Amino acid sequence: MDAIIVGAGLAGLACARELERSGKRVIVLEASDRVGGRVATDSVRGFQIDQGFQVYLDAYPEGRMQLDLLALKLNPFEPGALVAENGKLSGVSDPWKRPSAAIRSLCNGTISIPDAIRIAFLRRYVLARYHSANGMRGTKSDRENNFLTSTTTREFLLARGFSDECMRRFFEPFFGGVFLERKLKTSSDIFEFTFAMFSLGSATLPADGMGAIPVQIACRLAPGTVRLHQQVERVEPGRVFLANRETISAKHVVVATTFSSAAKILPQEVCDQFTTRTWKSTRMLAFAALNSPLQSRTLVVSADKDGPIDNLCVPSDIAPSYAPPGASLVVASIRAEWTASEEATLEAVRLQSSVWFGQAARNWELISYVKIDEALPDESPQARRTRPTGNTCAAGISLCGDYCTSASINGALYSGRMCAEQLLIQTGEAEPS
Ligand SMILES: Cc1cc2nc3c(=O)[nH]c(=O)nc-3n(C[C@H](O)[C@H](O)[C@H](O)COP(=O)(O)OP(=O)(O)OC[C@H]3O[C@@H](n4cnc5c(N)ncnc54)[C@H](O)[C@@H]3O)c2cc1C
């Protein structure tokens, strides 16, 4: 074996694919019963339930490089969002993609004209940065300056003059949902990259659910590369120890788990770098409804002061395959600060959605409650300063995963590919890019 990769999330799969393309013999050991890690879709009574509300941004550069996007049959959301506040839904649209809808947003006062101008300047700024030589892909240049100049998203937006109203009605609900935290403490470089991706493309859902993304990469690996139900207990250079007492040897070991799992299996002397990172959690409720409350491909984000809902959408309006014929799938993500029990949350979601959509929302049937404690790593500037600064963690052991780059599908794919490239460079089979 040339390499053993621990973890069949997107990073591990991307790393395996890149190594196999260079003729390496690889195995991927995955503890669970499926590939994909945090990107997974369950089938419940004919509904496709993504495990946590996720979207694929079709402008992701790594996705364009590593995925067959046509085969994923991506279904786009409408650009922008509907902002729900005090029982009223108002549109915020992208003037470059939907000029007339954007003018309506200005007329209905959701965004003021000065803030709309600031958004236009922001768009120009982030796209220029994105297209510039450095790019913003969590790459070397970022690592070199170690994010010393990085600010939070909130500081960055306030410094650009956005009004409190615009922060409260647009940036907090929209990007709060993306980052799973409404204080917008997430590092501004992550915001800039994400904003550039929304500007350059669409948020989408694959026809077969988000889980189709890792399945596609896994299907391109050599038969037998991925072994499921393989819990790794410990790794050391060149060796992996499994819970079933098996030991497997290879020239290289790649740990492609989350940072918290990595801390449990890596040699003690290299674990310290992971102890300071923390997680952001999330919950999602999926409902079967007779009719779509929205009849539109739009995401609803909540600017309500109270209430549990962070955002809500009808995936079956976006990709009809998310629900069986004659039914609609409604998913509501819950704000991080809402800590009530499942039962109380369900009641509060029904109440808040009935204010937005009328009494029919009271009849939605709960079909799945998804709780993810380890959803996204903390990506505040302080936290990002402590992330691994390279793929090699000790002689013979490499790391990859979203926490090494940025917490996104793009970040995980990029981290996996870079890790493979580093290994190939070490063995003299690739040139530094
Ligand atoms: C709710 C939610 C919403 C998100 N929304 C978006 C979004 O809209 N857009 C976007 O781009 N990104 C989104 N993300 C982020 C994205 O899903 C992750 O960044 C990415 O999937 C991380 O991939 P990974 O390979 O680094 O880690 P993981 O997916 O966590 O993979 C790690 C793998 O390692 C395995 N493993 C762990 N320990 C062991 C062990 N000891 N032995 C063997 N195997 C082990 C795990 O089972 C898992 O399969 C979201 C994530 C969540 C959870």
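Okay, let's start with glutamine 295: at 62% relative accessibility, this residue counts as exposed. Keep in mind as we go that this is a predicted model. You'll find glutamine 295 in the loop between β15 (279-289) and β16 (300-302). Its phi is near 50 degrees, a positive value in a residue other than glycine. Why point that out? Because most residues other than glycine have a negative phi.

There's also leucine 180, which isn't a glycine but has a positive phi of about 60 degrees. Leucine 180 is in the loop between α7 (164-179) and α8 (188-200). Is leucine 180 buried or exposed? With 16% relative accessibility, leucine 180 counts as buried, because the cut-off for that is under 20%.

Now, on to the ligand. There are 34 residues around the ligand, and the ones that come nearest are Glu30, Arg38, Tyr60, Asp402 and Ile409. Sorted by type, the shell has 17 nonpolar, 14 polar and 3 charged residues.

Where do they come from? Domain 1 (3-39 + 212-277 + 379-426) and domain 2 (41-59 + 70-76 + 205-209 + 279-377) each give at least three residues to the shell. Going by elements, α1 (10-21), β19 (365-377) and α14 (409-426) each supply at least two, and β19 has the largest share, with 3 residues.

Let's look at some contacts. A side-chain N or O atom of arginine 38 is 2.8 Å from an oxygen atom of the ligand. A polar backbone atom of valine 55 is 2.9 Å from a ligand oxygen, and for a backbone N or O atom of serine 408 the distance to a ligand oxygen is 3.2 Å. As for cover, the ligand on its own has 1000 Å² of accessible area, and the protein covers 91% of that.

Technical notes:
Residues numbered from 1 in each chain as written. Predicted model: local features only at pLDDT ≥ 70, side-chain atom pairs only at ≥ 80, totals over all residues. Heavy atoms only, no water. Near = heavy atom within 4 Å. Polar contact = N/O pair within 3.5 Å; in protein donor to acceptor, adjacent residues only side chain to side chain. Areas by Shrake-Rupley, 256 points an atom, 1.4 Å probe, with all protein chains shown as cover. Helix = DSSP H or I, 4+ residues; strand = E, 2+ residues; numbered from the N terminus. Nonpolar A, V, L, I, M, F, W, Y, C, P; charged D, E, K, R; others polar. Domains from an automatic or database assignment. Buried < 20%, exposed > 50% of the residue type's maximum accessible area, 1.4 Å probe, protein only.
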